[in-house]
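Open the structure in your viewer and keep the selection tool at hand. The tour goes from one selection to the next and says what is there.

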Amino acid sequence: MDNTTRYNRLLERYRNGDLDRRSFLGLIGAAGAAYGVQTPFAKMAFAQDVTQVRFDGWGGVVSEAFRRHAFDPYTAATGINVVDGTFAGGDEYLAQVRSSREGEYNIAHLSGVFDYARYVNFGLDVELNLDNIPNMGLVMEALTNAYRGITPDHLSAVPYNYGTTGLAYNRKYISDEEMREKGAMILIDEAYQGKIGGWQDWRTRMWYAALQTGQSPNDIQDLDAAWDAIRSHRDLALKYWGSGAELMSLLAEEEIYVTEGWSGRIAALQEQGHDIGYYDPPNGFGWQECLFVIKGSPVEACEELINFMLAPETSIAVAEGQNYPPALDGTKVDLGEKIPTLPAYDPTGTLEALTFADPTYWNGNEAEWSETFARVQRGF
Amino acid sequence: MSVEARERRQPWILLSPALGAVALLLLVPLLFIVVYSFWLRSAVGPDTAGFHLDNWQRALTDPFYRYILFNTLKIAAITTFFCALLGYPAAYFITRSSGNKLILLLLLMLPFWISYIIRTMSWINILGSSGALNTFLLSTGVISSPIQMLYNEATVILGLVHFLLPFMVLNIYVSLDGIDTNLEDAATSLGATRWQAFTQVTLPLSLPGLAAGGLLCFVLGAGTYITPLILGGPRDAMFANLVFEAIITQLNWPMGSALSLLLLFVLGALVALYNRYLGMSQLTKGLG
């Protein structure tokens, strides 16, 4: 019997209630200990080609949650080591992957459907065998369909979680009422000059510019007005932040009072006791994240890890750690007490309340808009 | 093989590991960048290989790139000026100190043991709204609300001076240390004041060290992108930031290659100019 089958049987017993949580985790720990103390000769007894899988994600609390709730138990159960790296942005990571050897990077926690499309366009996708990922049956159809629109005949990723980039504000200076009244316009409100922040990401800047000019983010007609809104924000902003850690630091240290922010990071700030409010304005920026398997990776080992990560126990623990709702359908799986309280959570399983970026529209404009933003940011 | 032929080959044999490393780690990657700069970015998918001058034409004629390049050179020049202003007295003090020279030099080297990024970020804890300086001013009643000191061009220059000052001090120190102190004594014995002896004897003799430190500070300052990223505001950017953005954010490696080569040519021209008038020997002395 291989390690995976052994793990699945344990999991099955745990789910059926035949095994309590303490015994389940204890047995997984014992398996890990047994693997750790085995002699070098034991490896000759069974052929195991894959010894390690590399995973890259966003770092911070997200990375900690994965390590504690997914990677360590996975290694204990299968003997495959998970090496986890972090990146500050999807663009930077794609540049690294493009310049790497095939197989160097395996699974990435990518943001947005347009990232999926970009990786497919660069020929970095694989064909996953969904039969090896039975937990896919628990995932919201609405999330998976977005990927099927790009690669109808196969999937190279599975949805993992979703969230929003909404408005984060310091309640000491901005009331909930004022935020609801002003919405996205608060980012270009002169009353907060020098206390406004923003993500240094052209997509987010453009999305909020669309909201500030009363346009649909997925169909911007008046581009000049949108660029002018970005210029206004630039002139009023103190700092464009580049990472989640910087976002949290700027808000916690009161360098800025208002910015757009990632729902999970703001929830983490709130958990730390900071009086930071969070508001998703109408047509706020919804996004989903996926676990993308990159070309050249040991696909079966990756499928095994993904299936493990999608298991409700793991998925919920990670979601609670990173404060982003999991991709699991709340109508099929009991998501516990905390997840329904997280920002952006959709209890219907349809995600109709959120607005997602249209990958065809945004990727089609990427070359022009990303370059124009670099100029506008510098005063042009 | 004759003795002469063997002697002729010996330096090349000894040099071959270093030359091999330079060729593999510097020249070959540089060649890749040169080739890339003539390719074209496609909107989606892989870049288009070939020999196209579009990137170079844009890099050389677009006023946006010219503006950022001049701004970069301006920031590097201001940084170099402040490094010289602060570095010269420090180097002079170290040279003239008698017993504790070694400790002072060790203190000068100490910042190199800490990551450049950490050193740069430390300014956030000093100048931030909740930073040490604002906290002190608030607690002493000098100000009633925090002063906004961070995220502007001045903090970028401050961060660069903090990073580059040791390079300047070391170069000036090496130069001053080589000057015979009897020369100053001779000047004062001939009627010159201490100030005149310094300005007419010591300062001119130490100018090569000052120039070498200046060149190092200027080139390193003009090529940085971390400092404006951490301490700059939305508008603050140096040329290296554009290279970073072209390659990382826009995934436009061909344009990023052309821009990085343009910066290399500009800074290379400055080094060539320095070498033409002052020679590289002073620079290697300062680095050694």
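A residue is called buried when its relative accessible area is under 20%, exposed when that area is over 50%, and partly exposed in between. The model on the screen is a predicted one.

**Stop 1: a salt bridge within chain A**

Select Glu254(A) and Lys172(A). They form a salt bridge, and the closest N and O atoms are 2.8 Å apart. The two residues come from distant parts of the chain, 82 residues apart. Glu254(A) is in the loop between α11 (244–252) and β7 (258–262) of chain A, while Lys172(A) is in the loop between β4 (157–170) and α8 (176–182) of chain A. Is each of them buried or exposed? Glu254(A) has a relative accessibility of 22%, so it counts as partly exposed. Lys172(A) has 56%, so it counts as exposed.

**Stop 2: a second salt bridge in chain A**

Now select Lys338(A) and Glu271(A). Their closest N and O atoms are 2.6 Å apart, and the pair forms a salt bridge. Lys338(A) lies in the loop between α14 (312–322) and β10 (355–356) of chain A, and Glu271(A) lies in helix α12 (residues 263–271) of chain A, so the pair ties together parts that are 67 residues apart in sequence. With a relative accessible area of 25%, Lys338(A) is partly exposed.

For a network of salt bridges, select Asp91(A), Asp115(A), Arg118(A), Asp201(A), Arg203(A) and Glu366(A), which are linked in one. Over all chains, the structure holds 30 salt bridges.

**Stop 3**

Asp346(A) has a relative accessible area of 7%, so it is buried. What does Asp346(A) touch, leaving aside its neighbours within four places in sequence? It is in contact with Tyr162(A), Leu351(A) and Glu352(A). In the case of Leu351(A), the backbone nitrogen lies 2.5 Å from a polar atom of the Asp346(A) side chain. For a distance across the chain, pick His233(A) as well: its C-alpha atom and that of Asp346(A) are separated by 31 Å, and the two residues are 113 residues apart along the chain.

Next select Thr78(A), in helix α4 (residues 60–78) of chain A. Thr78(A) is buried, its relative accessible area being 7%. A polar atom of its side chain lies 3.2 Å from the backbone nitrogen of Ile80(A).

**Stop 4: where chain A meets chain B**

Colour the two chains differently and look at the contact. It takes 34 residues from chain A and 38 residues from chain B. The size of an interface is often given as the accessible area lost when the parts come together. Here the two chains bury about 3,000 Å² between them, with 53% of it on carbon and sulfur atoms. Select Pro234(B), Arg235(B) and Leu251(B): within chain B, these lose the most area to chain A, together 23% of what that side buries.

How many salt bridges are there between chain B and chain A? The count is five. One joins Arg98(A) to Asp47(B), with the closest N and O atoms 3.3 Å apart. Another joins Arg375(A) to Asp62(B), where the closest N and O atoms are 2.4 Å apart. This pair crosses from helix α15 (residues 359–377) of chain A to the loop between α2 (54–61) and α3 of chain B. Arg375(A) has a relative accessibility of 18%, so it counts as buried. Asp62(B) is also buried, at 14%.

Across the interface there are 11 residue pairs in polar contact. On the chain B side, α3 (63–96), α10 (226–231) and α11 (239–249) each supply at least two residues. Of the elements on that side, α11(B) gives the most, with six residues. The residues of the chain B side divide into 21 nonpolar, 11 polar and six charged.

**Stop 5: helix α12 of chain B**

Finally, select residues 253–277 of chain B, which make up helix α12. This helix has 25 residues and reaches 36 Å from its first C-alpha to its last, close to the 36 Å expected. Its buried residues include Trp253(B), Met255(B), Leu259(B), Leu267(B) and Tyr274(B). At the N-terminal end, Asn252(B) caps α12(B), with a side-chain oxygen 3.2 Å from the backbone nitrogen of Met255(B). Just after the helix, Gly279(B) takes a positive phi of about 80°.

How values were computed. Residues numbered from 1 in each chain as written. Chains lettered and ligands numbered in written order. Predicted model: local features only at pLDDT ≥ 70, side-chain atom pairs only at ≥ 80, totals over all residues. Heavy atoms only, no water. Contact = heavy atoms within 4.5 Å. Buried area = accessible area lost by both parts, 1.4 Å probe. Salt bridge = Lys/Arg side-chain N within 4 Å of Asp/Glu carboxyl O. Polar contact = N/O pair within 3.5 Å; in protein donor to acceptor, adjacent residues only side chain to side chain. Helix = DSSP H or I, 4+ residues; strand = E, 2+ residues; numbered from the N terminus. Nonpolar A, V, L, I, M, F, W, Y, C, P; charged D, E, K, R; others polar. Buried < 20%, exposed > 50% of the residue type's maximum accessible area, 1.4 Å probe, protein only. Expected span 1.5 Å × (residues − 1).
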